Amino acid sequence: MAFTLLLRFAGILQSWGTDSRFEIRRTETIPTKSGIIGFLAAALGRRRDEEIDDLADLKIGVRADQPGTLISDFHTARKDAKTSYITNRYYLSDAVFLIGIESDDKDVLLELENAIRYPAYPLFLGRRSCVPEAPIVKEIVPLPLKQALENYKFVGRKGMEPAYYHIFLEGSSRTLGRKVMDQPVSFDFHHRKYQARFVQETITENSQRKETVQPALHQTEQDVLGELENLK
């Protein structure tokens, strides 16, 4: 039986890079798998040179409840006493995502849930400056990943619930998704390594969204024209 741990990633800023260079630090429009695995590893207290194969093998999906706004900022970074660089950094502002992590072993998800509630290292949303909004953990549901993301309640800001959800799952080939270099192999500073994977986007109706119905105008029996005739 499949179980899915659901997390809420929300904050003033988030940044999820996959192809950034020193001068330009881009962000993806959704949390990356490498970023999510790094988040879990930090919660568990794993050092950068420790194995992450067990985490990288987890099935992970993302639902964009509130996509946020892309913004940019620039920093001056000094290389040495004579050399400095201006770097452009991109962020997602006011975004909210529902993260799903699937496993057939509920104990694995319970360990992750406890670690996120009581993390060994500070947690951040892609970069150290991007602090997550609490609470992060939603719950563990007895559903496979796709079904859990399709059916779980909206986790964004009140009044911003969409009619349709954009859900991002791992695909098996190029025909089923977009290629991204965010499958982590090692976070070691000296041997950092990532592999390619395919991400497939699906759009599903938000069946729990309540439509706002405008009340009908109140009908009265007053005859305005008749009243005017009486005044003659």
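Q: In which helix is the place of Leu44?
A: This is a predicted model, in which local features need pLDDT of at least 70, side-chain atom pairs count only at pLDDT 80 or more, and totals for chains, interfaces and linings use all residues. Residues are numbered from 1 along each chain as its sequence is written, and side-chain values use heavy atoms, with hydrogens and water left out. Helices (DSSP runs of H or I, at least four residues) and strands (runs of E, at least two) are numbered from the N terminus. The helix that holds Leu44 is α1.

Q: What is the relative accessible area of Leu44?
A: A residue is buried under 20% relative accessible area, exposed over 50% and partly exposed in between, with a 1.4 Å probe and protein chains only. Leu44 is partly exposed, because its relative accessible area is 23%.

Q: How far is Leu44 from Leu112 in space, C-alpha to C-alpha?
A: Leaving aside neighbours within four places in sequence, Leu44 is in contact (heavy atoms within 4.5 Å) with Leu55, Glu111, Leu112, Ala115 and Ala120. Leu112 is 68 residues from Leu44 in sequence. In space, C-alpha to C-alpha, the two are apart by 7.3 Å.

Q: Why is α1 largely enclosed by the rest of the structure?
A: The buried residues of α1 are Lys33, Ser34, Ile36, Ile37, Phe39, Leu40, Ala41, Ala42 and Ala43. α1 is largely enclosed because, of its twelve residues, the number buried is nine.

Q: What span is expected of α1?
A: The expected span of a helix is 1.5 Å times one less than its number of residues. α1 has twelve residues and reaches 16 Å from its first C-alpha to its last. That reach is close to the expected 16 Å.

Q: Which residue with a positive phi follows α1?
A: The phi of this residue is near 85°. The residue that follows α1 is Gly45.

Q: How many residues are in the second, separate core?
A: Ile101, which belongs to the largest core, is in contact with residues including Phe3, Leu7, Leu40, Ile60 and Leu145, with neighbours within four places left aside. The second core is separate and includes Val96, Val141, Tyr152 and Leu169. Its number of residues is 14.

Q: Which element supplies the largest share of the lining of the largest pocket?
A: On a 1 Å grid over the protein atoms alone, a pocket is an open set of points with protein on both sides within 12 Å along at least five of seven lines, a cavity is a set where a 1.4 Å probe fits but cannot get out, and lining residues have an atom within 4 Å of a point. The largest pocket has a volume of about 1200 Å³, counted as the space filled by probe spheres set on points joined across faces, edges and corners. Of its 35 lining residues, the closest to the centre are Arg48, Phe124, Gly126, Arg192 and Tyr194. The largest share of the lining, six residues, comes from α1.

Q: Which strand gives the most to the lining of the second largest pocket?
A: The second largest pocket has a volume of about 150 Å³. Thr29, Ile30, Ala64, Pro67 and Gly68 are the closest to its centre among 13 lining residues. At least two lining residues come from each of β3, β4 (69–78) and β7 (164–171). The strand that gives the most, with three residues, is β7.

Q: How many charged residues are in the lining of the largest cavity?
A: About 60 Å³ of space lies in this cavity, and Ile60, Gly61, Val62, Phe168 and Arg197 lie nearest its centre among 13 lining residues. α1, β3, β7 and β9 (193–205) each supply at least two residues of the lining. Ala, Val, Leu, Ile, Met, Phe, Trp, Tyr, Cys and Pro count as nonpolar, Asp, Glu, Lys and Arg as charged, and the others, Gly among them, as polar. The lining has eight nonpolar and two polar residues, and its charged residues number three.

Methods:
Core = buried A, V, L, I, M, F, W, Y, C linked by side-chain atoms within 4.5 Å.
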